[in-house]
Amino acid sequence: SPPVPDTARAPTRQSAAAPPPRPHRGPTMLRRVLAGRNSLTLEKAKALLQLVRDLNATADVEAAVEHVTAVAAEMIGCEACSVLLYEGAHLVVLAETETGPTAAKSRVRLPSGDGIAGQVLSSGTARRVSHVQNDPTFLPTVDQHHGVRTTSMICLPVRDETGETVALLQAINKRDEHGAVASFTQDDEELLGYIADDVGVVLRRLKLMESMKLANARVSAMVDILRSLRSQLGANSVIYTLSLKAPELVDAERATVYMHDTHHHELMSMVGDIDVRIPVSQGIAGDVARRNRAEF
C-alpha cells in the first residue's frame, strides 16, 4: 500500500506551549560584571558563584532550598524568600518566614493554577508586584499560615536544563536602606534570575536522586516481603513483615494487616503481643472485607 503522508498521521501528544528558551547567563556573568556591563557588584557575583558551588555539593532537596532562600533573601534585602516546587496540581511552598537565626520553615500546598504564582507558572515570565493586597490574583494563604503580611512580591520561574519549569522562586517585602518596605527592582529580578537558572538544574538532579533512592527502597521492601511469605516462620511473622515493609512500597506512614475471621465475623490484627479484633461490620477495613474490593 502507498505510504501514508505525514499530514494524515495521528497527532502526537505535545505540551500546550513550548517553554521559552532558558537564558545562558551563568558562564558569562563574572566577565560581564568585570566589563561593567552588568548591574551586579563583584561581591554579589562572587557570592552567586559560591552559591553554585554549594548547591552542587548538596545531596538533599530540603538543604538546597534552605540555603538558596537564605542567600537570596540576604542578597536582595527582603523579609523572606521561598521556593515553590511544582508537583502537578499543586505548588509545594518551602518557605522561610523571615531571615536570620529565627527563620522558620514549613510546607504549604497551593493550587498550581491560582494566584500570582499560578500566573508566573502558566506564563513562564517573572512578575513584580508593589502592592499585592491590591492585586485581585493574590492569594493570602501563605500569609494566613505564617501570620505575616505581604506588601511587595517578586516571583520567577525556575527551569531545568531542558527549559521545563520545575519550581518558582519567590521573595516578599523588599527593604530599603532605612528598613522600610520597598518595591522590587529590575536589578533584583536579574539577580534572582541568576539564582533561578542554577537552582532549576540542581533541583532536577536532586529529585532524580531521590526517585532512585525510593525505587531501591521499594525493591528491597518487596524482596523482604517475598522472603517472609516463603518462610516457615508462621502467620505472626508474615503479618509483622507486611506491616513493617508495606509503607515503603507506597511511601506511607504505616500499614496494618487484618486477618478475616469469618467464623466470628471479625477482623484481627496483631499490635505487638496484643490481639486486636474489630467487628467486620465497622470501619473502612470492615467495608472492604464485606464488599471484597479496595477503597482509597
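**Around K174**

Reply: Leaving aside neighbours within four places in sequence, K174 is in contact (heavy atoms within 4.5 Å) with I76, G77, C78, S152, A180, V181, A182, S183, F184 and D188. This is a predicted model, where local features need pLDDT of at least 70, side-chain atom pairs count only at pLDDT 80 or more, and totals for chains, interfaces and linings use all residues. Residues are numbered from 1 along each chain as its sequence is written, and side-chain values use heavy atoms, with hydrogens and water left out.

Me: OK, is K174 buried or exposed?

Reply: K174 counts as buried because its relative accessibility is 14%; buried means under 20% relative accessible area, exposed over 50% and partly exposed in between, with a 1.4 Å probe and protein chains only.

Me: And which side chain does K174 make a polar contact with?

Reply: The side chain of D188, at 3.1 Å. A polar contact is a pair of N or O atoms within 3.5 Å; within protein, one must be able to donate a hydrogen and the other to accept it, and residues adjacent in sequence count only if both atoms are side-chain atoms.

Me: Where is K174 found?

Reply: In strand β6. Helices (H or I, at least four residues) and strands (E, at least two) are DSSP runs, numbered from the N terminus.

Me: How many helices and strands does the protein chain have?

Reply: Eight helices and 10 strands. Of the chain's 296 residues, 35% count as buried.

Me: Switching topic: which residues touch the most other members in the largest nonpolar core?

Reply: L169, L192 and I195, out of 34 residues in that core. A nonpolar core is a set of buried Ala, Val, Leu, Ile, Met, Phe, Trp, Tyr and Cys residues joined through side-chain atoms within 4.5 Å.

Me: Which element gives the most to this core?

Reply: α3, with nine residues. There's also a second, separate core of 11 residues, which includes V93, V108, A117 and V142.

Me: What does L169 touch?

Reply: Not counting residues up to four places away in sequence, L169 touches V68, C81, S82, V83, I154, C155, L156, V158, L192, I195 and A196.

Me: Last one: how much of the chain's contacts come from residues 24 or more positions apart?

Reply: Such pairs account for 48% of the contacts in the protein chain with a separation of 6 or more.
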